[in-house]
Amino acid sequence: MMNTRWTGLATVSSVFLRLALGISFLSAVADRFGLWGVYGQRNVAWGNYARFVAYTAKLNWFLPGKTIPALAIIATAAEILFGLLLVLGWKTRTIALLSGVLLTIFALTMTMALGVKVPLDSSVFSAAGGALLLAASANFPFSLDELVRRNKQAGSCARAGSRPITMTQPKTR
């Protein structure tokens, strides 16, 4: 049986990882739309969408140039969707798995284009591993998934009859 301290840590870790991944996706999208500031300001990677498309082309140098704008749109849409769904905790296992795949692809393209140090320094491999670990989690506390699970469980109990099953001693006369 698992120690309650470790169970509590697993709960906190799952929530923390889900939120960290989701907010990180949303932050990256905010950067490419200039919401963190303009390029050149501290901690701003792109500052506008055109710079993000150029970065996408740099990482995906092996693809035809015509595909880059579509790839940038797909990556942005995936990051918005995955970010929102992770923060909300909806279909967490599936979204975490897809996030792990996306982050692994990102880490590999960064490695091919820029060398291994850049994705390591940016913790992209770590984020990919965290997403895959989250996909393997058993529970997703403080999430819409948990709310749905509890509602289904309550509905099952109601359909089965709300009286709990109890063991009673036979009455003696």
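**Buried residues, salt bridges and cores**

Modeller: Let's start with Asn60, which touches Ile68, Leu71 and Thr109, leaving out residues up to four places away in sequence. Please keep in mind that this is a predicted model. Asn60 sits in the loop between α2 (49–59) and α3.

Biologist: Why does Asn60 count as buried?

Modeller: Its relative accessibility is 11%, and buried means under 20%. Asn60 therefore counts as buried.

Biologist: There is another loop residue I was curious about. Why does Phe140 count as buried?

Modeller: Phe140, found in the loop between α6 and α7 (144–160), has 8% relative accessibility. The cut-off is under 20%, so Phe140 counts as buried.

Biologist: Which residues does Phe140 touch, not counting those up to four places away in sequence?

Modeller: Phe140 touches Ser14, Thr92, Arg93, Leu134, Asp145 and Glu146. One of these, Thr92, is itself buried in α4.

Biologist: Let's move to charges. How many salt bridges does the structure hold?

Modeller: It holds four salt bridges.

Biologist: What makes Glu79 and Arg32 a salt bridge?

Modeller: A side-chain nitrogen of Lys or Arg must lie within 4 Å of a carboxyl oxygen of Asp or Glu. For Glu79 and Arg32 the N to O distance is 3.0 Å, so the pair meets the definition of a salt bridge. This pair links distant parts of the chain, with Glu79 in helix α3 and Arg32 in helix α1, 47 residues apart.

Biologist: Why are Glu79 and Arg32 called buried?

Modeller: Glu79 has a relative accessible area of 11% and Arg32 has one of 1%. With buried set at under 20%, Glu79 is therefore buried, and so is Arg32.

Biologist: Are Lys117 and Asp121 buried or exposed?

Modeller: Both Lys117 and Asp121 are exposed. Their side chains meet in a salt bridge, 2.3 Å from N to O.

Biologist: Why are Lys117 and Asp121 about one helical turn apart?

Modeller: They are four residues apart in helix α5 (residues 117–121), which means a separation of about one helical turn. An α-helix has 3.6 residues a turn, so residues three or four places apart point the same way.

Biologist: What about Glu146 and Arg149: how far apart are their closest N and O atoms?

Modeller: The closest N and O atoms are 2.7 Å apart in this salt bridge. Glu146 and Arg149 are three residues apart in helix α7, so about one helical turn separates them. Salt bridges that share partners join Glu146, Arg149 and Arg150 into one network.

Biologist: Why does Glu146 count as buried, and why does Arg149 count as partly exposed?

Modeller: Glu146, at 14% relative accessibility, counts as buried because buried means under 20%. Arg149, at 39%, counts as partly exposed because exposed means over 50% and partly exposed lies in between.

Biologist: Now for a charged residue on its own. How do you know that Asp31 has no salt bridge?

Modeller: The nearest side chain of opposite charge is that of Arg32, at 7.3 Å. A salt bridge needs a distance within 4 Å, so buried Asp31 has none.

Biologist: Which backbone nitrogen does the side chain of Asp31 reach at 2.8 Å?

Modeller: That of Ala45. The backbone nitrogen of Trp46 also lies 3.0 Å from a polar atom of the Asp31 side chain. Polar contacts are within 3.5 Å. Asp31 itself lies in helix α1 (residues 4–32).

Biologist: Which residues touch the most other members of the largest nonpolar core?

Modeller: Among its 18 residues, Leu21, Leu86, Leu103 and Leu134 do. At least two residues of this core come from each of α1, α3 (68–88), α4 (92–114) and α6 (124–135). Apart from this core lies another, of seven residues, including Trp46 and Val53.

Biologist: What is the span of α4 from its first C-alpha to its last?

Modeller: It is 31 Å for 23 residues, close to the 33 Å expected at 1.5 Å a residue. After α4 comes Gly115, with a positive phi near 95 degrees.

Terms used: Residues are numbered from 1 along each chain as its sequence is written. This is a predicted model: local features need pLDDT of at least 70, side-chain atom pairs count only at pLDDT 80 or more; totals for chains, interfaces and linings use all residues. Side-chain values use heavy atoms; hydrogens and water are left out. Buried means under 20% relative accessible area, exposed over 50%, partly exposed in between (1.4 Å probe, protein chains only). Lys and Arg count as positive and Asp and Glu as negative; His and the chain ends are not counted. A polar contact is a pair of N or O atoms within 3.5 Å; within protein, one must be able to donate a hydrogen and the other to accept it, and residues adjacent in sequence count only if both atoms are side-chain atoms. A nonpolar core is a set of buried Ala, Val, Leu, Ile, Met, Phe, Trp, Tyr and Cys residues joined through side-chain atoms within 4.5 Å. Contact means heavy atoms within 4.5 Å. The expected span of a helix is 1.5 Å times one less than its number of residues.
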